[in-house]
Amino acid sequence: MSRINRGAIRRMALYGVLGTWFVASAIKQDPTRKSKLSERFDPHGVFLPDWRFFAPQPGTYDNHLLFRDELADGGVTEWKEVLVASERTLRHAFWHPNRRGEKIVFDTMNEIIKITQESALEKEDIQVSVAYLTLLNYITHSQRHDTGARRTQFLVARSSGRDVNEEPVMLFLSNRHPIA
C-alpha cells in the first residue's frame with residue numbers, strides 16, 4: 001500500500017513540476033509582459049524557453065505593398081493593398097505551389113527596404129535594381145488596374161501588425177510608370 005502511495009506521490013510531484021514549467025513557459029512567451037521575474041530566476045533562458053528561440057530578432061511588424069493608378073484625366077485612384085499571401089488552409093501544410101511566388105514578393109519588398117535604408121543610392125539608381133523591376137513587373141502585370149489608367153505607382157509601407165495605435169510608415173514610394 002505504501003508503495004502505491006509513493007508511486008502516486010512521485011507521479012503527482014512530476015505532474016506538478018511539469019505543469020508549473022509549462023505555465024511558466026507559456027507566461028514567458030507573452031511579448032507584452034511587464035514582469036521580468038523569469039529573467040531573474042533564469043537569466044540565460046536555460047530552463048524556460050523563449051519564443052525567440054529560433055529567431056533572435058523576431059518580426060514585430062508587417063510590410064505592405066500598395067499601388068495606385070494615374071488616370072487619363074490626371075487624377076489618381078485610392079491606394080489599393082496587394083494581398084500577397086493567400087488565406088491559409090490545412091492543405092497548404094502539405095501542398096502549396098503558390099508559396100514560391102508569395103515568397104518572391106516578400107523577399108523583393110525586403111530587398112527594396114534594405115536598399116533604401118542601407119545605401120545612399122538615389123531613386124533613379126534604385127529603379128534599375130532587380131528588386132525594383134520585379135515589384136514593378138508584379139504590380140503592372142498581376143494586378144487589376146482601372147479602365148482609364150495610364151500609369152501606375154507602388155508603395156512599400158510598414159505597420160506594427162496588430163497594434164492599431166501606431167500609424168503605418170511609408171518606406172519606399174516608386175515613380176509612376178506607364179502601364180503597357
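Residues are numbered from 1 along each chain as its sequence is written, and side-chain values use heavy atoms, with hydrogens and water left out. Because the model is predicted, local features need pLDDT of at least 70 and side-chain atom pairs count only at pLDDT 80 or more, whereas totals for chains, interfaces and linings use all residues.

Helices (H or I, at least four residues) and strands (E, at least two) are DSSP runs, numbered from the N terminus. Two strands are taken to pair if DSSP finds at least two bridges between them. Strand S1 (62–71) pairs with S3 in the antiparallel sense over 10 bridges. S1 also pairs with strand S2 (residues 80–82), again in the antiparallel sense, over 3 bridges. Leu65 has a bridge partner in each of these strands: Val156 in S3 and Val82 in S2. A residue is called buried under 20% relative accessible area, exposed over 50%, and partly exposed in between (1.4 Å probe, protein chains only).

The largest nonpolar core has 18 residues. Such a core is a set of buried Ala, Val, Leu, Ile, Met, Phe, Trp, Tyr and Cys residues joined through side-chain atoms within 4.5 Å. The members that touch the most other members are Leu65, Ile112, Tyr132, Leu135, Phe154, Val156 and Phe172. Two or more residues of this core come from each of strand S1, helix H3 (99–118), helix H5 (130–142) and strand S3 (149–159). The surroundings of Leu135 can be described through its contacts (heavy atoms within 4.5 Å). When neighbours within four places in sequence are left aside, Leu135 is in contact with Leu65, Val105, Thr108, Met109, Ile112, Phe154 and Val156.

Ser160 is placed in the loop between S3 and strand S4 (169–173). Ser160 counts as buried because its relative accessible area is 17%. Its contacts, apart from neighbours within four places in sequence, are Thr60, Tyr61 and Glu166. His177 belongs to strand S5 (residues 177–178) and is buried, with a relative accessible area of 15%. Not counting residues up to four places away in sequence, His177 touches Gln127, Tyr132, Leu136, Arg150, Arg151 and Thr152. The C-alpha atoms of His177 and His64 are separated by 20 Å, and the two residues are 113 residues apart along the chain.

On the surface, Met12, Leu14, Tyr15, Leu18, Trp21, Val46 and Phe47 form a nonpolar patch with about 810 Å² of accessible area together. Patches are made of residues with over 30% relative accessible area and no salt bridge; like charges are joined within 9 Å, and nonpolar side chains (Val, Leu, Ile, Met, Phe, Trp, Tyr) within 5 Å. Accessible areas come from the Shrake-Rupley method with a 1.4 Å probe, and for residues only the protein chains shown count as cover. Val46 is found in the loop between helix H2 (37–41) and S1. Val46 counts as exposed because its relative accessibility is 61%.

The structure holds 7 salt bridges, each a side-chain nitrogen of Lys or Arg within 4 Å of a carboxyl oxygen of Asp or Glu. In one of them, Arg151 is joined to Glu70, with the closest N and O atoms 2.8 Å apart. This pair links distant parts of the chain, with Arg151 in strand S3 and Glu70 in strand S1, 81 residues apart. Arg151 is partly exposed at 28% relative accessibility, whereas Glu70 is buried at 6%.

A salt bridge also forms between the side chains of Arg88 and Glu102 (2.9 Å, N to O). Arg88 lies in the loop between S2 and H3 and Glu102 in helix H3, so the pair ties together parts that are 14 residues apart in sequence. Arg88 is partly exposed at 40% relative accessibility, whereas Glu102 is buried, with a relative accessible area of 5%.

Within helix H3, the side chains of Lys103 and Asp107 meet in a salt bridge (2.9 Å, N to O). These residues are separated by about one helical turn because they are 4 residues apart in the helix. Lys103 is partly exposed at 39% relative accessibility, and Asp107 is partly exposed at 36%. Salt bridges that share partners join Glu70, Arg150, Arg151 and Arg176 into one network.
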